[in-house]
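Open the model in your viewer and keep the selection panel at hand. The tour below goes from one selection to the next and says what is there.

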Amino acid sequence: MSDLGGPLPVVLAGARGHGRWHLGNIRRLQDKGLVRLAGICELTPLAAEELDGFGVPEAPGGPPEQSADFGALLDSTGAAIAVICTPIPTHTDLALTAAARGVHLLLEKPPAPSYAEFRRMADGVAAAGVVCQIGFQSLGSHAVPAIRELIAQGAIGRVDGIGGAGAWGRAESYYRRAPWAGRRRLDGADVVDGVLTNPLAHAVATALALDGATRAEDVTGIETELLRANAIESDDTSCVRVTTTGGRRITVAATLCAEHPDEPYVLVHGTGGRITFWYKQDRVLVQRPGHGPQEATYGRTDLLENLVEHLGGRAALLVAPDTTGAFMKVVEAIRRAPDPLVMPDHAWYLDTGEHRRIVPGVDGLVAAAADTLALYSELGASWALPKEVSS
């Protein structure tokens, strides 16, 4: 591993798909003199046009080295940091490969497909003495500590519970983007690529963070309702209710079959008001009797930049593995739940223009779940079965 004296050499594992975002972010930090893209790990090397300008000879340090052998690439580049944005089942082994070499990590969410794999990763990283940041970008929002401070000050009275709502739409092609997409298992390995564990995982993690229930031991019970309208193995329309050691309930409902896709949000319910947080926009709305609505938009700290600053002794790490333990308990409950219920044909229709399946009325049910902390079956959804309970 390189020393931490200059721009830190970074290896990116998984540079296509969402990895393209990381490639652009690494370029931003390279322009600031904080990092240098030293290597890219992909099964098929990136072509020059995919390299976002990194491939030109005059790039700092020259073009990045490319290899399908992650460990060898870390060795040859002297990487200080590895960004892992690969299929979910590969996260733990790749993280431990980096940790064994003393390479620090930004590991994409979800960190692992099961709680056992999560513990193997987190324990191995801790034993190696390297720093690992989990890629829940919403937890870099400055709105998170601001909301927690409002709660601590009693701005909305006693908090009774927290809701989360995510009404998104995804074309059928979304599930053909990779062999693991929309799968619960693949070749005998857990994947758990469901709506709450991957695309709208931030809603779950952010709700838990606002409650302060981030560690595995903060969770006392989990109820799940998993369903699918698409021809997939995993769930695309689901809700979960978590009970915490503080006695509060956190209910998050999500779908990829919305009629009118909209911004996801987390809703804090207090005896004297409520706080709505649109976490992708860093936008917060405080509503309470006797006051006009107060809205504010906050800044955000990038998690790779925070990792670099932390390694330089200039910042606290924002998303350490153990602060995602409660989220991983939710992943485990979903993994262990029965396979998702297949919605009847009359419960959805195909939008031929957008080539996606839509569940009529699901937008309202998602919002109602966040508003009442009830599950789909409790709200009278005709296609929902009674909840599964996991302790």
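Start with Arg119, which is partly exposed at a relative accessible area of 23%. The model is a predicted one.

Next, select Arg274 and Asp371. Their side chains meet in a salt bridge at 3.0 Å, N to O. Arg274 belongs to strand 14 (residues 273–278) and Asp371 to helix 9 (residues 362–372), so this pair ties together parts that lie 97 residues apart in sequence. Arg274 has a relative accessible area of 30% and is partly exposed. Asp371, at 37% relative accessibility, counts as partly exposed too.

Now go to Glu50 and Arg16. What do the side chains of Glu50 and Arg16 meet in? They meet in a salt bridge, 2.8 Å from N to O. Glu50 is in the loop between strand 2 (35–41) and strand 3 (65–67), while Arg16 is in the loop between strand 1 (8–13) and helix 1 (19–31); the pair therefore ties together parts 34 residues apart in sequence. Glu50 is partly exposed, its relative accessible area being 31%, and Arg16 counts as partly exposed at 27%.

For a group of charged residues, select Arg28, Lys32, Asp302 and Glu305, which a network of salt bridges links. Over the whole structure, a search finds 26 salt bridges.

Leaving out residues up to four places away in sequence, Met121 touches Thr92, Ala95, Leu96, Leu107, Pro111, Cys132, Ile134 and Pro321.

From there, move to the cysteines. How many disulfides does a search of the whole structure find? The search finds zero. Cys85 counts as buried, at 14% relative accessibility. Cys132, one of the residues that Met121 touches, is in no disulfide either; its nearest cysteine sulfur belongs to Cys85 and is 14 Å away. Cys132 is buried, with a relative accessible area of 3%.

The last stop is Asn198. Find it in the loop between strand 9 (189–190) and helix 6 (201–211). Is Asn198 buried or exposed? Asn198 is buried, because its relative accessible area is 8%, below the 20% cut-off for buried residues. To see its contacts, select Ile88, Lys109, Pro110, Arg177, Trp180 and Asp193; Asn198 touches each of these, with residues up to four places away in sequence not counted.

Notes. Residues numbered from 1 in each chain as written. Predicted model: local features only at pLDDT ≥ 70, side-chain atom pairs only at ≥ 80, totals over all residues. Heavy atoms only, no water. Helix = DSSP H or I, 4+ residues; strand = E, 2+ residues; numbered from the N terminus. Buried < 20%, exposed > 50% of the residue type's maximum accessible area, 1.4 Å probe, protein only. Contact = heavy atoms within 4.5 Å. Salt bridge = Lys/Arg side-chain N within 4 Å of Asp/Glu carboxyl O. Disulfide = S-S within 2.5 Å.
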